[in-house]
Amino acid sequence: MRIKAKLLGIHASPPLWLKSLYVVLPFVLVIAGYALASYFYLEDNPQGKLIPSFGKMWAYFWGFATELDTRSDTYLLWADTATSLIRFGTGLLYAAVVGLLLGLNVAMFPGFRYLVLPGVIALSFVPVVTMLPILLLAVGIGEEAKILFIFLGLVFIITRDMYAAATNVAPELKIKALTLGSSQLALAYRIVLPMILPKLLETVRLNLGLVWVCLIVGEGIAADSGLGYRIFLFKRNSEMAGIIPYTIWITLLAACLYQLLGVVSEVRYPWRYERGIIARSLVAIPELVFQAFRGRQS
Amino acid sequence: MNGNGSGLNPKDRQIHAEDVYKVYPGREGPKTVLDNVNLRIARGEFVSLVGPSGCGKSTLLRLLLGAEEETSGSLYIDGAAVEPPDPTRGIVYQQYALFPHLTVLGNIMLGHRLSLSFLEWHRRKDEIRAQAIEYLATAQLEDHLNKYPHELSGGQQQRASVIQALMKSPKVLLMDEPFGALDPGTRARMQTFLLKKWEETGKTIIFVTHDLEEAVFLSTRVVALSQFYTDERGDEAQRGSRVVCDLRVGEVGNAASSKSKEDPAFTKTIERVRKFVLKPSHAWHLEQFDLSHPDSFHTPNNGGSKQ
């Protein structure tokens, strides 16, 4: 049998070169489209800020990365990145720890469940952005507000997922642990906890996008440093040449973090994965590209 | 809790279940699964529980394990009323044999690790490790110490699971269709392995299976439960399972592994049990039950009323 389809249908089987082309094509089209739009736009209004050229954006970005800002005595890009990542990490860490413990205890101890779960569910329905004004009034515009904002955005999602994960641990295994001499606390913290840790990492990984939203919005509304603050500052000056490279930079950070957590999960929890996947993810290239090249191995 | 209407002392045998009822709430009204079940089991016996699908043999096992509570009746192990799961009873399931996040060695040592204090564990770690490896060697698993369960075959997982349970030296080993998912060859090897372990340790084993040949081959006693029988309650009554057949099929301490599956007596025993556990065209009446085992006993049916 020869499969003729190269693009359409469930049997489509394009050769490697064509697959690679498919993967690259959308990116090339977008970039080329932008370049053209920018060219014609700048031809009409050379002082326009809306669709800057690649050269201008690069120069702008490079300036932020390598030129010392005299006012703050820092390299702004790196200072912004560091500030943001610290807020990001702190909020995430608190949310992960609290969410894990809440979810685990809610799942394991019925009394605790009745006491806590309805409240958690109620709070999880509050759209997190609506909490921001309350937070700002309540704790001011310091670091705490932004970290708390990230924390609140994430903690209930993690609690819910950890509750589900701990509940889904087979009751047979829980009973078995008890017959092996586990106390009730040990069952929760020494058996079920390690079994749901990979799920925690996965939940965090899949919700990184939400964390970024909380971070950028928080910084955009009340901050004097950080990537979000910078973007909104650019916006106030209609400086698209700053916004676009910063956005791409944040996207790159997000993608790297996403990949990194995937690799950590696979290396740290080999029992969750069949052999061979670790090697795959260590390559850490975007998954689409990997998909394109997988045909060669199988 | 019911009193002991039979007048038998629950301390006479290691396991004593009397007048046990288990009723589950259902959409079409309560469903009685166990209906006046009485069972006494002596120490060191290898008892197989058999019966048609849905007869509650696994339910009875879970009651003995303490994973579920009886609706009424009483269950004792070593003279004490059954409590929630603890190390007095080991359990081997068909699935969920091992903890997926621990290596084989980690799984085997888990029992000690959980029950010893931090300091004690570190003091005795080497000794426990040596014991675990020795046990694993008897199950031909010594080359797989650091593998995770998903890297083992089904038979290897079940062997490890039996070892895991035996490491804690439970008084009673409960097994819920442990070999049900294995291919015939592996299954035969597992049976030999289990008999060897049973003879070495002298543990009381309660073994749920739906395979009569396996039951008669392995055990010293076969207990059949069935919901298909008639009694004085009339045709419309919704009946739960009772013990319908209770036979001695081997001697404790006398190597059951010497049984031959070709022996005509072996086949005859199987047929004797089979007529009770296949959904019978003829529902046997209460008085026709084959309760010839000396430990078998009766209590009057009280309809499962709570007292």
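Colleague: How many bridges join β1(B) to strand β4 of chain B, and do they run parallel or antiparallel?

Modeller: First the terms. Strands (E, at least two residues) and helices (H or I, at least four) are DSSP runs, numbered from the N terminus. Two strands pair if DSSP finds at least two bridges between them. Here, 5 bridges join β1(B) to β4(B), residues 72–77, and the two run antiparallel. B:Y21, for example, stands opposite B:S72 in β4(B).

Colleague: What kind of model is this, and how is it numbered?

Modeller: It is a predicted model: local features need pLDDT of at least 70, side-chain atom pairs count only at pLDDT 80 or more, and totals for chains, interfaces and linings use all residues. Residues are numbered from 1 along each chain as its sequence is written, while chains are lettered from A and ligands numbered from 1 in the order in which they are written.

Colleague: Which strand does β1(B) join through 7 bridges?

Modeller: That is β2(B), residues 31–41, again antiparallel. Two bridge pairs to look up: B:V20 with B:V37, and B:K22 with B:L34. β1(B) and β2(B) form a hairpin with 6 residues between them. In the turn, B:G29 has a positive phi of about 95 degrees.

Colleague: In what order do the strands of the open sheet lie?

Modeller: The order is β2-β1-β4-β5 in chain B, 4 strands with antiparallel pairing. An edge strand pairs on one side only; here the edges are β2 and β5 (80–81). β4(B) and β5(B) pair over 2 bridges. B:I77 has B:A80 in β5(B) as its bridge partner.

Colleague: How should I think about side chains in a strand?

Modeller: In a regular strand the side chains alternate between the two faces of the sheet.

Colleague: Are β1(B) and β2(B) mostly covered or mostly open?

Modeller: Count C-beta atoms, placed from the backbone: a residue is buried if 20 or more others lie within 10 Å of its own, exposed if 12 or fewer, and partly exposed in between. Both strands are mostly covered: 8 of 10 residues are buried in β1(B), residues 15–24, and 10 of 11 in β2(B). Across the 307 residues of chain B, 45% are buried.

Colleague: Why does B:Y93 count as buried?

Modeller: B:Y93 has 21 C-beta neighbours inside 10 Å, so it counts as buried. B:Y93 lies in strand β6 of chain B. Now contacts: two residues touch if their C-beta atoms, placed from the backbone, lie within 7 Å. Leaving out residues up to four places away in sequence, B:Y93 touches A:E172 and B:D176.

Colleague: How many residues does each chain give to the contact?

Modeller: Chain B gives 23 residues and chain A gives 17. On the side of chain B, β6 (89–93) and α2 (104–115) are the elements that give two or more residues. By class, that side has 14 nonpolar, 6 polar and 3 charged residues. Nonpolar means Ala, Val, Leu, Ile, Met, Phe, Trp, Tyr, Cys and Pro; charged means Asp, Glu, Lys and Arg; the others, Gly among them, are polar.

Colleague: How many helices and strands are in chain B?

Modeller: Chain B has 7 helices and 12 strands. Among its contacts between residues at least 6 apart in sequence, 75% join residues at least 24 apart.
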